[in-house]
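This report describes how parts of a protein chain pack against one another. Please look at the sequence and the structure below before reading on.

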Amino acid sequence: MKSTNNHIELFNNWAKRIELLIKEHPLQIISWEATRRCNLNCVHCGSPSEDANHQEELTTDEIIGAFEQIAHDFDMSKFRHINITGGEPFVRKDLTKILRAISKRPHYRNIDIQTNGVCIANNPEILDELKLYGVTGIGVSIDGLEKSHDAFRGRPGCWSKAVSAARIAVEKGYVVTVSLVAHSKNINEIPVFYKFIKGKIKPRVFRIMFLDIQGRTEDDSPYLPSNHQIKQVLDFLRETYEKECSTYADLSSTMVELGCGGWLGTELEGRLRPFIFHCIAGINNLGILYDGKLASCSNISREFIEGDLRREKIKDVWENCYQRYRNFEWKKVGACVQCDQWKYCHGGPMHKMSINGLLNSCLYHESCCQCNKSW
């Protein structure tokens with residue numbers, strides 16, 4: 001698809017909205033890393049339990065107090081939702097107590113929980129309770145077919161529990177996202193797996209994320225996908241999206257999307273997911289980590305910790321310590337210096353970023369340019 005004047009105008013108008021969002025930086029999303037503890041042992045984990053001091057985990061009162069402080073100090077008129085991650089959030093025995101307390105605030109009644117599904121499968125009744133506390137979305141990680149998933153997640157039988165948890169959540173009326181981490185050993189089965197979940201689970205969203213160099217994944221991991229395999233996934237997403245996107249207004253349909261892996265270029269953005277991507281870390285998204293450290297997201301390197309809610313006011317940190325997420329020039333290094341997509345991308349997603357501004361990988365340069373040539 002060649003760029004047209006209307007096509008470029010669309011992206012330029014979108015870029016102006018991003019500039020306004022950066023200028024105003026309203027707090028709209030809280031990503032809370034509830035814990036680093038987990039009941040699985042996933043090969044790829046970006047937030048591994050062995051790197052955490054679990055004694056430092058926020059107490060029940062501390063995390064409730066943090067949400068109360070935010071509700072008191074911030075303008076909540078534009079607030080959207082809370083996204084709870086881990087570790088495995090349901091390992092926290094006080095999770096429902098926390099949700100019960102914070103959901104008394106009307107702005108905290110649109111909550112998503114990302115889970116491996118084991119605890120829900122073992123105790124499906126918890127989904128009835130969660131509805132009382134403003135939980136509207138459940139994200140379940142399922143990394144392909146049974147053999148691939150169980151090997152990747154380090155526990156036999158966890159695939160069937162994840163599938164069961166997702167299916168039950170759909171039946172109970174949650175907005176369910178099935179998330180798959182695409183790696184070198186499961187990419188070939190993605191089309192078959194997609195057909196399976198569309199027929200057997202019927203989630204609202206099927207999200208694919210690429211395995212990144214993070215946490216337990218070293219740069220020599222045999223699970224890292226090749227550029228050819230990445231293009232294979234992008235091909236699948238493009239073909240599926242263009243074939244099925246006309247049905248997406250139907251809430252019973254399943255949408256496909258690429259997760260926050262990075263900018264795809266003006267030729268591809270909007271063709272593989274129902275939105276145009278820009279990393280929102282530190283712009284309208286606040287990360288609260290398991291130990292009270294404040295970051296721009298719950299899924300980036302701890303090199304980028306900006307504060308500590310045990311010692312500082314969250315509003316003060318948000319206003320005074322997040323400038324690097326709103327002024328991107330420090331990221332304009334390496335391939336970004338001459339990149340024709342800089343005005344839209346601004347250096348890519350923070351979870352791929354090192355402290356010196358270099359990305360560990362770039363979808364646009366490494367894969368999408370080849371896609372543009374072949375499509």
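The model is predicted.

Strand β3 spans residues 111-115. In a regular strand the side chains alternate between the two faces of the sheet. Strand β2 (residues 81-85) runs parallel to β3 and is joined to β3 by three bridges. On its way from β2 to β3 the chain passes through helix α3 (residues 95-102), and this β-α-β crossover is right-handed. Strand β4 (residues 135-141) also pairs with β3 in the parallel sense, over five bridges. Ile113 has Ile84 opposite it in β2 and Ile138 opposite it in β4.

Ile113 also belongs to the largest nonpolar core, which has 86 residues. The residues with the most contacts inside this core are Ile70, Leu99, Tyr108, Ile113, Ile142, Phe206 and Ile288. Helix α7 (residues 158-171) supplies the largest share of the core, seven residues. Another core lies apart from it and has 13 residues, among them Phe11, Ile18, Cys336 and Cys345.

The side chain of Glu306 makes a polar contact of 2.9 Å with that of Arg324 and one of 2.5 Å with that of Tyr325. Leaving aside neighbours within four places in sequence, Glu306 is also in contact with Leu294, Val317, Cys321 and Tyr322, among others.

Tyr325 also takes part in an aromatic pair, with Tyr322. The structure holds 18 aromatic pairs, and two of them are listed here.

| Pair | Centre to centre | Angle between planes | Kind |
|---|---|---|---|
| Trp14 and Trp263 | 5.6 Å | 20 degrees | stacked |
| Tyr322 and Tyr325 | 5.4 Å | 55 degrees | tilted |

Trp14 and Trp263 are both buried, and so are Tyr322 and Tyr325. The tryptophan pair links distant parts of the chain, 249 residues apart: Trp14 is in helix α1 (residues 5-24), and Trp263 is in the loop between β7 (255-258) and β8 (285-288). Elsewhere, ring pairs link Trp159, Phe193, Tyr194, Phe196, Phe206 and Phe236 into a cluster. Phe206 was named above among the residues with the most contacts in the largest core.

How values were computed: Residues are numbered from 1 along each chain as its sequence is written. This is a predicted model: local features need pLDDT of at least 70, side-chain atom pairs count only at pLDDT 80 or more; totals for chains, interfaces and linings use all residues. Side-chain values use heavy atoms; hydrogens and water are left out. A nonpolar core is a set of buried Ala, Val, Leu, Ile, Met, Phe, Trp, Tyr and Cys residues joined through side-chain atoms within 4.5 Å. Buried means under 20% relative accessible area, exposed over 50%, partly exposed in between (1.4 Å probe, protein chains only). Helices (H or I, at least four residues) and strands (E, at least two) are DSSP runs, numbered from the N terminus. A polar contact is a pair of N or O atoms within 3.5 Å; within protein, one must be able to donate a hydrogen and the other to accept it, and residues adjacent in sequence count only if both atoms are side-chain atoms. Contact means heavy atoms within 4.5 Å. Two strands pair if DSSP finds at least two bridges between them. A crossover is right-handed if, with the strands pointing away from the viewer, the path from the first strand over the helix to the second runs clockwise. Rings of Phe, Tyr and Trp (its six-membered ring) pair if their centres lie within 6.5 Å; planes under 30 degrees apart count as stacked, over 60 as edge-to-face and the rest as tilted.
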